[in-house]
Amino acid sequence: MRILHTSDWHLGRSFHRVNLLDAQRDFIGHLVRTVRDERVDVVLVAGDVYDRAVPPLGAVALFDEALHRLADLGVPTVMISGNHDSSRRLGVGAGLLDRAGIHLRTDPAGCATPVVLTDAHGDVAFYGLPYLEPALVREQLGAERAGHTAVLEAAMARVRADLATRPAGTRSVVLAHAFVTGGTTSDSERDITVGGVAQVPAAVFDGVDYAALGHLHGCQTITERVRYSGSPLAYSFSETDHRKSMWLIDLDAAGAVTAERIDCPVPRPLARIRGRLDDLLQDPRLARHEDAWVEATLTDPHRPDEPMARLAARFPHVLSLVLDPERTPQDPLASYARRLRDRTDREIAEDFVAHVRDGLGPDDAERQILTDALDHVRLAAAGEEAGAR
């Protein structure tokens with residue numbers, strides 16, 4: 001069976017105030033052409049269809065257009081909701097859409113009810129695990145502990161139990177939206193940390209032939225059977241080096257996986273440039289970035305006059321300006337910036353406690369209070385979604 005694995009469309013998202021709806025429409029067209037030209041048997045969308053719970057009307061219209069175009073192909077599509085989606089809103093009309101071959105899986109209670117498709121070698125069961133917010137689904141799934149690993153383990157236990165009831169030789173595919181250990185993050189993914197831990201081991205998905213993952217925006221292989229497709233477009237300058245693509249997966253009669261990357265259209269290349277303003281304006285090596293979306297980091301000791309206007313004269317699509325003045329190692333601001341770099345919110349909070357208490361960091365009880373407080377803030381939006389249910 002030939003599978004096209006994609007995720008993280010984030011319909012309605014902009015890029016530093018640049019509207020990406022046309023670029024997202026181009027991607028949908030590319031997706032449809034790929035399905036037709038590559039004779040795809042099923043399309044998988046592993047969450048974050050929309051960029052936010054209440055998407056703008058243009059994004060809703062594009063999603064509606066995408067559903068019609070996919071349905072017109074006569075090729076089944078399986079979609080799950082991600083942490084950016086409102087599962088309730090995305091799942092409206094799921095029963096009716098099933099009849100058109102569009103299978104929306106947004107309810108955790110249905111994670112063990114697969115979409116079963118058949119090819120010349122028998123059945124393939126597709127299990128859709130929508131994003132599982134531990135605080136909201138732990139009791140529903142009967143997870144023994146709190147946290148992402150526990151709720152995914154509970155969901156996968158249900159998947160394996162259902163799979164055990166199916167005819168021998170039934171192949172299996174799971175769609176999931178999670179942060180799996182070994183994956184590489186980017187700046188455009190929303191933090192899903194719970195209790196200071198966001199990652200789950202790839203072994204959670206043992207027992208199925210393929211796990212089609214969403215959430216991380218870089219296309220990557222965790223194992224031969226566990227992969228992220230990544231987002232079809234770049235949504236932050238941290239993705240400058242990404243090759244945006246989808247996975248074309250062939251699942252043979254025995255469930256062995258063969259994978260090929262299908263590149264996605266690039267609306268405009270990204271570039272990160274760094275240096276003093278005068279150097280950036282004169283360096284001939286930067287000519288290749290003059291048509292790119294640019295993030296410029298200026299290292300001038302003092303802020304230059306009208307830096308964006310001057311940069312735009314050479315780089316008309318400059319979108320982001322970062323000031324990072326050159327400092328001596330003795331400069332306290334330089335030392336502070338180094339301490340913050342690559343640190344989590346929890347680590348920064350713990351460092352602050354140590355700073356105001358003359359080096360005495362939090363004890364275990366205080367560390368748990370900080371963790372709980374950060375989790376409470378992160379879960380506020382999820383709690384609003386739960387109230388809508």
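**Helices and a sheet**

Reply: In this predicted model, helix 5 (residues 134–141) packs with helix 6 (residues 148–164) at an angle of about 35°, and their axes are 10 Å apart.

Me: Why is the crossing of helix 5 and helix 6 called left-handed?

Reply: A crossing has this name if the near helix is turned anticlockwise from the far one by less than a right angle; helix 5 passes helix 6 in this way, and therefore the crossing is left-handed.

Me: What makes residues of helix 5 and helix 6 count as meeting?

Reply: Contact requires heavy atoms within 4.5 Å, and on that basis P134, V137, R138, Q140 and L141 in helix 5 meet H148, V151, A154, A155 and R158 in helix 6. The residues of this contact divide into six nonpolar, two polar and two charged.

Me: How do you know that strand 7 and strand 8 pair?

Reply: Pairing needs at least two bridges between the strands; five bridges join strand 7 to strand 8 (residues 122–129), so the two strands pair, and they run antiparallel. Within this pairing, L117 stands opposite V124 in strand 8.

Me: Why is strand 7 called an edge strand?

Reply: The open sheet has six strands in the order 7-8-9-12-14-13, with mixed pairing. Strand 7 (115–119) and strand 13 (220–223) each pair on one side only, which is why they are the edge strands.

Me: Where does helix 6 lie?

Reply: Helix 6 lies across strand 8 and strand 9 (171–177), and runs at about 160° to strand 8.

Note on methods:
Residues are numbered from 1 along each chain as its sequence is written. This is a predicted model: local features need pLDDT of at least 70, side-chain atom pairs count only at pLDDT 80 or more; totals for chains, interfaces and linings use all residues. Side-chain values use heavy atoms; hydrogens and water are left out. Axes are lines fitted to C-alpha atoms, for helices over the stretch in contact, and angles run from 0 to 180 degrees between N-to-C directions. Helices (H or I, at least four residues) and strands (E, at least two) are DSSP runs, numbered from the N terminus. Ala, Val, Leu, Ile, Met, Phe, Trp, Tyr, Cys and Pro count as nonpolar, Asp, Glu, Lys and Arg as charged, and the others, Gly among them, as polar.
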